[in-house]
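Morning, everyone. Please have a look at the structure on the screen, and then I'll walk you through it.

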Amino acid sequence: MTIDFLVAALLTIITASTPLVFAAVGEIVAEKSGVLNLGVEGMMIVGAIGAFATGIITGDPILAVLAGAASGALMAFIFGCLTLWLLSNQVATGLALTIFGIGLSALVGHQFVGVTFAGLPKLDIPGITDLPFIGPLLFGHDALVYLSVISVIAVAWFLRRTRAGLALRAVGENHDAAHSIGYPVILIRLMAVLFGGVMAGLGGACLSLAYTPLWIENMTAGRGWIALALVVFASWRPWRAFFGAYLFGGITIIQLHAQGLGVAIPSQILSMLPYIATIVVLVLISRDDVRMRFNAPACLGRSFHATG
Amino acid sequence: MNTVHRAMAACLLAAGLLAGPAQAEPLKVGFVYVGPIGDHGWTYQHDQGRLAVEEAFGDQVETSYVENVPEGADADRVIAQLAETGHGLIFTTSFGYMNPTIRVAEMYPDVHFEHATGYKQADNVATYSARFYEGRHVAGLVAGSVTESNVIGYIASFPIPEVVRGINAAFLAARSVNPDVSFKIVWVSTWFDPGKEGDAAKALIDQGADVIMQHTDSPAALQVAQDRGVWAVGQASDMTAFGPDAHLVSVVNNWAAYYVRRVQAALDGSWGTSDTWGGFGADMLLLSAYNKAIPADVIEMADAARAAIAEGSLHPFTGPINDQDGNLLVADGEVADDGMLLGMSVYVEGIEATLPQ
């Protein structure tokens, strides 16, 4: 197995994992504020078509990425209005958001079937990107890959080291207490939900602009659900979600390579591997019941209504 | 979305009822689709057939369709609804509609039903499918001729006879023009996941494949091939647009001719149950334009094979053919019968991979 081969496999793993990183980290922020948004799949797919349509119409990759983020945020705003002000059930509303998003994206995307996008420009620093091994691996990606890493760092820092992050976590742990000391619970939750939407939209933009630069109905193919699982897997910690996404993406790609190399393991078992690995790690992490409960936001999924 | 579409369909159907009978009663033809028309593959091609029916018969027919119908209890309801609202001929276009179609057909003996890719017929239920393996034979000839690394990558969905037959047909054809060729086969356990199909294509190319064939539905693999500068074969519909340089040829499912023929039969009262399994000869398969970069003699050979299959003088499974263990599948000089083709569940000799069971 040559170095080139290894680099190629690693590059594929990075592009496969990036959309999951975005969606999972966004959902962590929303859930840390106490809002369970099961509409990640719907926000992702709308982000994907928003980004793709804008990319085709304007030809500008930056506008396309922004439009993807905005589309995801718009979906999140609908969710926020319904669950935060109208106090609808978060689980049911999230599921409805996914179904709505898939339908809406199909409607908007109808005219974009069969059109291809040139893809996002990749970083290319003369002399550095050409370095063996390190060059293409660290300095040869599109901007979204770097943005995904930056967002993990930023979210981890925000949640643990800033006052605003503390307020957000307080709202997620006990909204009545947070309300009584004067935090604007609804506003904070809306912001968190919108951030989740922006990130899911970026994840969708990754799919339709970089990963497979085309539009087909239902192209997220369940990645939003995997991102949701990663949040629990990561016990609501951004870095764990990052590694979880790469573990999942990595095993998916490695099993494809193993099949091509004729490894004598039934392909059905290889296809199960990413999921098995996720479950095994989840079991290992959640062995410690106290810490698991410590990490999960206590008010997750519960509606807040100020009663005076 | 399913619910929304079905609700819309129900409204449309109700509107149709209220409109009352027209002067010259048109034949109402219904279509049940498993996916969205925008899939650019399986369902898209069926809808092209529906449009061809509309064009061929104009005012004589009235077509309607329901998209994204799950293969299960919902299918019964949708099919029955079409029958209830005066449709005289109903096409159900996915394997999983087989039992629902048979059940509904028993309740509506005066309605004609057509079920794609199934094997259960009744007095008012006909079945039809295409010999996709004929197209894979031609694609295999081209792939075997243009490969320089002698490695062809194949993205497969599920190990069912339909898919295994396609792999075997392509492999035998590629070997017949290039004895050094080998196949790398990756099973992705899905019909449709653009990301995963693209990743499978990348893995195969990284392992030396310079032609990608697929039995999955999205054009993602073709797009990866374009990006990496290797060849690929399109699936189900003409996929040229997704990778103009990489695209060798697409094997296109063509239901139009069959649908027009059957609607004609229903119109003139000659409709009867039947079991159709047609390929190039019945125009149920077509080839897209070839890539201009393919050498002329290769195109000539591929076209000759296509024509020979169409007229029946060439069968893609002509003996001697052994399976991987050396057991004789088709004797020297014989051709495989349809029963053997429909149940094919072993790789032919020469494929160095283990078929998942």
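A word on terms before the helices: an axis here is a line fitted to C-alpha atoms, for helices over the stretch in contact, and angles run from 0 to 180 degrees between N-to-C directions. Keep in mind that this is a predicted model.

Take chain A, helix α10, residues 223-233. Its axis and that of α11(A) come within 9 Å and cross at roughly 130°. That angle makes α10(A) oblique to α11(A). The crossing is right-handed. Which residues make the contact? From α10(A), they are I226(A), L230(A), V231(A) and F233(A). From α11(A), they are A241(A), G244(A), A245(A) and F248(A). By class, that is seven nonpolar, one polar and no charged.

Now the interface. Here 36 residues of chain A are in contact with 32 residues of chain B. On the chain A side, two or more residues each come from α1 (3-32), α4 (90-109), α9 (185-211), α11 (238-260) and α12 (267-285). α11(A) gives the most, with six residues. The classes on that side are 20 nonpolar, 15 polar and one charged.

Over to chain B and its sheet. Six strands form an open sheet, in the order β7-β6-β8-β9-β10-β12, with mixed pairing. What are the edge strands? They are β7 (182-187) and β12 (285-287) of chain B, each pairing on one side only. On average, neighbouring strands are turned by 20° against each other, direction ignored.

One pair in detail. β6(B), residues 151-156, pairs with β7(B) in the parallel sense, over six bridges. There, V151(B) stands opposite S182(B) in β7(B).

Technical notes:
Residues are numbered from 1 along each chain as its sequence is written. Chains are lettered from A and ligands numbered from 1 in the order in which they are written. This is a predicted model: local features need pLDDT of at least 70, side-chain atom pairs count only at pLDDT 80 or more; totals for chains, interfaces and linings use all residues. Two residues are in contact if their C-beta atoms, placed from the backbone, lie within 7 Å. Helices (H or I, at least four residues) and strands (E, at least two) are DSSP runs, numbered from the N terminus. Ala, Val, Leu, Ile, Met, Phe, Trp, Tyr, Cys and Pro count as nonpolar, Asp, Glu, Lys and Arg as charged, and the others, Gly among them, as polar. Angles under 35 degrees count as roughly parallel, over 145 as roughly antiparallel, 65 to 115 as roughly perpendicular and the rest as oblique. A crossing is left-handed if the near helix is turned anticlockwise from the far one by less than a right angle, and right-handed if clockwise. Two strands pair if DSSP finds at least two bridges between them.
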